[in-house]
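Student: Hey, could you show me how to read a few features in a structure like this one?

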Amino acid sequence: MQPRNMSMSGVVDLAAVKAAQEAKAKAEQARAQAAREGGAGAISPADLVIDVDEAGFERDVLQRSAEVPVVIDFWAEWCQPCKQLSPVLERLAVEYNGRFLLAKIDVDANQMLMQQFGIQGIPAVFAVVAGQALPLFQGAAGEAQIRQTLDQLVQVAEQRFGLTGLVVDAEAEPGGAQPAPERPAGPYDALLEAAVQALDSGDLSGAVQAYKNVLSEDPGNEEAKLGLAQAELLQRVQGVDPQQVRREAAEKPADVQAQIAAADLDLVGGHVEDAFGRLIETVGRTVGDDRDTVRMRLLELFEVVGPEDPRVIAARRALARALF
């Protein structure tokens with residue numbers, strides 16, 4: 001996914017990972033509590049797929065996206081690929097049990113929305129998370145690809161925004177099954193929680209080790225990769241003299257380590273573009289091992305911010321130009 005306007009704003013500090021974890025935990029608790037209270041505030045499976053027009057877009061998509069990811073299916077009656085894709089999305093919306101809401105928009109009746117999203121052809125599928133639009137895919141797609149994209153969307157919504165979706169009352173429909181049981185704890189939840197607690201207490205070495213323990217068993221664990229990148233960044237800047245670091249960087253523009261140290265401080269201070277720009281410029285004026293050292297640090301900082309952040313996407317393009 002290449003999201004629009006999804007960003008890690010503000011200062012990266014000891015609460016960065018903890019805040020995301022707490023948001024996710026609170027949302028999960030609210031979801032579970034609503035289910036225990038007999039589906040208070042729950043919706044029926046039939047309500048997971050809605051038709052949306054221009055008049056109701058703000059209410060039905062933008063406002064709802066603050067509580068659940070909204071997937072938008074742009075379609076038209078004459079579009080044959082749409083007739084193949086739409087039923088798959090509708091079925092998956094029910095199967096995902098409230099993890100996302102499917103909004104169907106007829107482009108013939110809603111030309112303005114089609115233009116606003118910059119759609120050149122249909123079917124086209126977007127998502128809106130916390131008011132921010134993300135292009136998912138355009139044209140026909142296989143179910144395996146669709147599932148992978150939806151899984152990524154759900155993960156982003158949970159980890160960055162604490163959105164775990166809607167509570168669905170399966171008994172609202174005749175013959176409905178019992179509500180799905182709460183998600184069991186994952187095999188690495190205890191280690192991830194230990195890492196968050198270590199961050200909270202200022203034990204950066206403990207947090208780094210806890211994240212590494214997860215990654216040794218599950219190298220693809222996105223939560224652990226993000227947490228490790230942030231914990232290692234905080235570990236590097238702990239105890240440094242910011243004024244000295246910035247003075248050395250200004251006095252020694254060709255000193256690779258001085259520029260790397262300053263970039264770390266830039267990022268911790270929330271100056272994401274400055275950090276990326278500093279290292280990209282350094283890549284452009286270095287060669288050999290020095291260039292590779294700077295490039296690797298830049299890639300580590302990309303992990304801290306998140307690969308889907310538009311600033312990371314822009315910086316990757318700039319890095320490619322600097323390298324080639």
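This is a predicted model: local features need pLDDT of at least 70, side-chain atom pairs count only at pLDDT 80 or more; totals for chains, interfaces and linings use all residues.

Student: Which residues of helix 13 are buried?

Tutor: In an α-helix there are 3.6 residues a turn, so residues three or four places apart point the same way. Helices here are DSSP runs (H or I, at least four residues), numbered from the N terminus. Buried means under 20% relative accessible area, exposed over 50%, and partly exposed in between (1.4 Å probe, protein chains only). In helix 13, the buried ones are R311, V312, I313, A315, A318 and L319. Their cover includes helix 11 (272-284) and helix 12 (288-305).

Student: And where is P307 found?

Tutor: P307 sits in the loop between helix 12 and helix 13. P307 is partly exposed, at 43% relative accessible area. Leaving aside residues up to four places away in sequence, P307 touches R160, F302, V312 and I313 (contact means heavy atoms within 4.5 Å).

Student: Which residues does a disulfide join?

Tutor: A disulfide is a covalent bond between the sulfur atoms of two cysteines. The rule used here is a pair of cysteine sulfur atoms within 2.5 Å. That gives one disulfide, joining C79 to C82 with S to S at 2.4 Å. Both C79 and C82 are buried. The S-S torsion is about 80°, so this disulfide is right-handed.

Terms used
Residues are numbered from 1 along each chain as its sequence is written. Side-chain values use heavy atoms; hydrogens and water are left out. Helices (H or I, at least four residues) and strands (E, at least two) are DSSP runs, numbered from the N terminus.
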